[in-house]
Structures are given as structure tokens and as C-alpha cells.
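Hello,

Here is the structure I promised to pass on to you. Please have a look at it first, and then read my notes below.

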Amino acid sequence: VTSVTPGNNFKQAAGTFLGGSGPLTLTPACAGSIPDCTVISGGTFTATSGTTTIGNFFTLDNGATFNHNGGTIVTSNSFSLLGTKPSWNVANLTLADASSFGIPVNVDGTFTLGSGGIGRLTNGTINANGDVVLNPNSGTNNGTVNITGAAARTVTFEAGIPMPTFIVNAPNVTINTSGSGITNFSSLDLQNVASATNGSVNWTV
């Protein structure tokens, strides 16, 4: 299975789903009750090692096991994560549309905000343990991004992007800026960083 046709729902309550290595698309049009678009309430779901695109409402309950398989999750179609799991662990996460997260998301690899000019974080918490890529987007970001972990990496804040709340507690992270002008943060808390330089960009909170 590589896609779910709009107009249908995807539900897994038991058993094993193997996504393989090709692209997987779960963007049903929510037939029936709205939160029932894509529901993984039990069994084991293994995403593709490539790109898994999930749209609309996605419910992940505590009785289910989600294996990210080292691939990339791409949100689309005004994505909203619901469920009873204490957190959702993914390898790479790209926000390609307005995205809301009702449970925290732990990203071990690359977290990309603002893909395609419309991807934004409207609500929720992202724990970014790897690289963070910040692209221009078309809307306000209201969630929280925690940059954590010991990996050495550089995070670049581009001028003009309306930023969510950023909390940085990662001793080997270097923060730079690109462009000139103003970058607006909902909040910025630099608890532990290797260095932070705003250059010709003014940071406002």
C-alpha cells in the first residue's frame, strides 16, 4: 500500500503495517467523524524509509507502536496530531502546511519548518535533537521548538520569518542569522549554546 485515496479513512487497531521504502501518502478526506481520518490505535505501524506524507487529522494512541524506519514525515492538508501517546518519535520531520501537535514530537534527525512557503507550526512542541532548517513561510508560528542534544550543529535564523518560541539547551549548537532586518520570536530562551550571533538582524520577542 502506497497511498490512501481521498474519501477514505485509514485505521489500524492491530496487526503489522510495513511501509517499505517507497513514498507513502496518508491524506484521506475524513469520511465520517472528522478526527477519524488516520487512526493508529493498536498494532505496529512502520513508516516508509523514504517519505511518509500525512494530512488532516492523525490520531496515535498509546496502544500502538510507531516505527519511523529512518524516513521523513511530511505534514500536509492542515495537519493535526491527536492521541494518547505521551510523545511521537520520528527520524525527520518537515512541516509543509499549517501543523498542530497535541502531543510532543521528538525529532532525531532534521526538523524543517516552513517548507514550500506555507509550512508553519501553529501549536504544540517539537523537540529537535538534530539539524533545524528554517525556511520562509507565510504565517505566524505559535508553537515551541526545543533545540536539545549534544550534536554539534548550526541553526540559522533568517530575517523576516515569524518564529515560534525557541528554547535552546544544546551546548554544541551555534546560532547564526542570514539577511537583514527583524526576526520576531514568540519567545527566545538561550539556556546553553556554543555561540549566538545576530549579525545585522534585530531579534524581537
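Phe45 is buried, with a relative accessible area of 1%. Please keep in mind as you read on that this is a predicted model.

Phe10 is buried too, at a relative accessible area of 12%, because anything under 20% counts as buried. Phe17 is likewise buried. Phe10 and Phe45 form an edge-to-face aromatic pair, with 6.0 Å from centre to centre and 85 degrees between the planes. Since Phe10 belongs to strand 2 (residues 10-12) and Phe45 to strand 6 (residues 43-46), this pair ties together parts that are 35 residues apart in sequence.

How many aromatic pairs are there? The count comes to 14 aromatic pairs. Another of these joins Phe10 and Phe17: their ring centres are 5.5 Å apart and their planes stand at 85 degrees, so this pair is edge-to-face. Phe10, Phe17 and Phe45 also belong to one aromatic cluster, together with Phe58, Phe66, Phe79, Trp88 and Phe101.

Strand 21 (residues 173-178) runs parallel to strand 23, and two bridges join them.

Note on methods: Residues numbered from 1 in each chain as written. Predicted model: local features only at pLDDT ≥ 70, side-chain atom pairs only at ≥ 80, totals over all residues. Heavy atoms only, no water. Phe/Tyr/Trp six-rings, centres within 6.5 Å; stacked < 30°, edge-to-face > 60°. Buried < 20%, exposed > 50% of the residue type's maximum accessible area, 1.4 Å probe, protein only. Helix = DSSP H or I, 4+ residues; strand = E, 2+ residues; numbered from the N terminus. Pairing = 2+ DSSP bridges.
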